Amino acid sequence: MTVANPPLDPTDGAASEHLANLQALTDSSLTQLDVDDLLRELLTRVRVILDVDTAAVLTLQPQSDALVARVAQGIEDEVRQGVRVPLGAGFAGRVAATRAPVVLDHVDASTVTNPILWEMGIETMLGVPLQSGNELLGVLHVGRLSRRPFSDREVELLQVVAERVAAAIQTRQLNIERAATTLLERSLLPSRLPAPPGLRVATRFAAAEEYTVGGDWYDLFELPSGQLWVIVGDVAGHGLGAAVTMGRIRSALRAYTMLDIPPERALDLVDRKVRHFEIGTIATVLCAALDPPYDSMRLAVAGHLPPVLAAPGRPAELVDTIISAPIGTPWSIERSSTTIPIERGSVVAFYTDGLVERRGEVLDVGMERLRRATKPGPPEEVARDIMHRLIGSTVTRDDVALVVMQRE
């Protein structure tokens, strides 16, 4: 049954004991633990405070609409066997579906989908949802081997505990995700830049300050044939998911270039892969392929901003090229490329939109700012000047990737 509880009376002696118990569940010594260790410690304390024989946290897997046992104390088999409970099914599924506490005084196959619990002799159970605002994170449930029922006070205490557990899960997971995303994103950038004779290259990468890092990247590599590839891209979204998807697209592009195909065909193959295996992903990608002596580049662009070309003696200009739809769009198209001549002494700047986009400003303003900042010269100096004039002390909302290439 679903229960509603009266507010806790702070003048009640039992209330004081509950509040002391709650302090034991939220003391500062827990702040240094990672998520799973924190949950184990909290469940250990919950078992003592509520005098229960088992306690478990099941977290929601949104992609499958199921709860998965993450941490358990007392009956750890739930985690060891990878218990999964569909939303709405059984005891935990009902807690998640109703988003309300549920007390169960009869545990068997008709009320609990997980056979481990009734086979181990659990007689009564109490479950509460783990929520952050309107977002469901999972379920916290406890059980007893005796038929001793759960009181309203115990229901209320477990609800308060659930609030602390949900906050801890979300905060700790966010911190871990940020760290993991940063490591992943930076590990996917090339550790060494190619140095083909006749070309010089400089790069910059700056992660967003206001938001979690996203899916921006750049890549430079030489094929066995001596052909040089320059790639910049941006996967829509932020966080670990965007960074992981970026890594997959980057790896796929590298693999397809080994087929000795032009950049537009490589983009077509990546697009087919993304639309089949990464449904819902949208990414912009620019690919440039250059053969020695690097007097031209074959450029294919999927929804990305065009590079800037600065030739000696002339103002810099946005490269006039064909821009096809981004990767992952729901319609199938055949992409094309443009061959761009590169004079000696020319500089080409490839970048992601975080360099030029600003809140409350039309994109053309940022593009013009970049055009004026790009001049022929040593790539390191050009990259320094571009970042100084376009970023400066700006707190960026998005990652910034920049590749500056000069034909000597």
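Entry 1, helix pair. I looked up helix α7 (residues 240–257) and helix α8 (residues 263–277), which pack at an angle of about 140° with their axes 9 Å apart. That angle makes α7 oblique to α8, since angles under 35 degrees count as roughly parallel, over 145 as roughly antiparallel, 65 to 115 as roughly perpendicular and the rest as oblique. I took axes as lines fitted to C-alpha atoms, for helices over the stretch in contact, with angles from 0 to 180 degrees between N-to-C directions. Helices (H or I, at least four residues) and strands (E, at least two) are DSSP runs, numbered from the N terminus.

The model is predicted: local features need pLDDT of at least 70, side-chain atom pairs count only at pLDDT 80 or more, and totals for chains, interfaces and linings use all residues. Residues are numbered from 1 along each chain as its sequence is written, and side-chain values use heavy atoms, with hydrogens and water left out.

I noted a right-handed crossing where α7 passes α8; the term applies if the near helix is turned clockwise from the far one by less than a right angle, and left-handed if anticlockwise. From α7, R248, I249, A252, L253 and Y256 meet A266, L267, L269, V270, K273 and V274 of α8 (contact means heavy atoms within 4.5 Å). By class I find nine nonpolar, no polar and two charged residues in this contact. Ala, Val, Leu, Ile, Met, Phe, Trp, Tyr, Cys and Pro count as nonpolar, Asp, Glu, Lys and Arg as charged, and the others, Gly among them, as polar.

How many cavities of 30 Å³ or more does the whole structure hold? I found two. A cavity is a set of points on a 1 Å grid over the protein atoms alone where a 1.4 Å probe fits but cannot get out, and lining residues have an atom within 4 Å of a point.

I logged a cis peptide bond between P292 and P293, omega about 10°. P293 lies in the loop between β10 (283–290) and β11 (296–302). R99, not a glycine, has a positive phi of about 55°.

Key
On a 1 Å grid over the protein atoms alone, a cavity is a set of points where a 1.4 Å probe fits but cannot get out, and a pocket is an open set with protein on both sides within 12 Å along at least five of seven lines; lining residues have an atom within 4 Å of a point. Grid points are joined across faces, edges and corners, and a volume is the space filled by probe spheres set on the points.
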